[in-house]
Amino acid sequence: KSAAFRGYIAQGLENTNGVVDEREQIEFGVESEAAPPGVMPYYLRLQGPNQWPSDATCPDFRPAVETFAVEMEEEARRLT
């Protein structure tokens, strides 16, 4: 689990105002070690590991997303 509120979140695990949302999502960023508890400023708490679906559930998902992220970073650097 990611205390950084990032990564894969399976269907039915998110909620809004205490009501389960029937959605599946991924929020990811650069993989890093989790920030120490209580670190300040607050935004540093968003650094940390991603959560990924299991290979049994979604084969090859993680490598595909990681490849996409690298390619998009390369393109962004090329454009700037």
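This is a predicted model: local features need pLDDT of at least 70, side-chain atom pairs count only at pLDDT 80 or more; totals for chains, interfaces and linings use all residues.
Residues are numbered from 1 along each chain as its sequence is written, and side-chain values use heavy atoms, without hydrogens and water.

E31 meets R62 in a salt bridge, 3.8 Å from N to O. A salt bridge here is a side-chain nitrogen of Lys or Arg within 4 Å of a carboxyl oxygen of Asp or Glu. R62 lies in helix α1 and E31 in the loop between β4 and α1, so the pair ties together parts 31 residues apart in sequence. Helices (H or I, at least four residues) and strands (E, at least two) are DSSP runs, numbered from the N terminus.

The structure holds six salt bridges. One of them joins R77 to E73 at 2.8 Å; both residues lie in α1, four residues apart, about one turn of the helix.

Now N50. Is N50 buried or exposed? N50 is buried, with a relative accessible area of 9%. The side chain of N50 makes a polar contact with the side chain of E31 at 2.9 Å. For a polar contact, two N or O atoms lie within 3.5 Å; within protein, one must be able to donate a hydrogen and the other to accept it, and sequence neighbours count only if both atoms are side-chain atoms. The N50 side chain also reaches the backbone oxygen of G29 at 2.9 Å.

Definitions and conventions: Buried means under 20% relative accessible area, exposed over 50%, partly exposed in between (1.4 Å probe, protein chains only).
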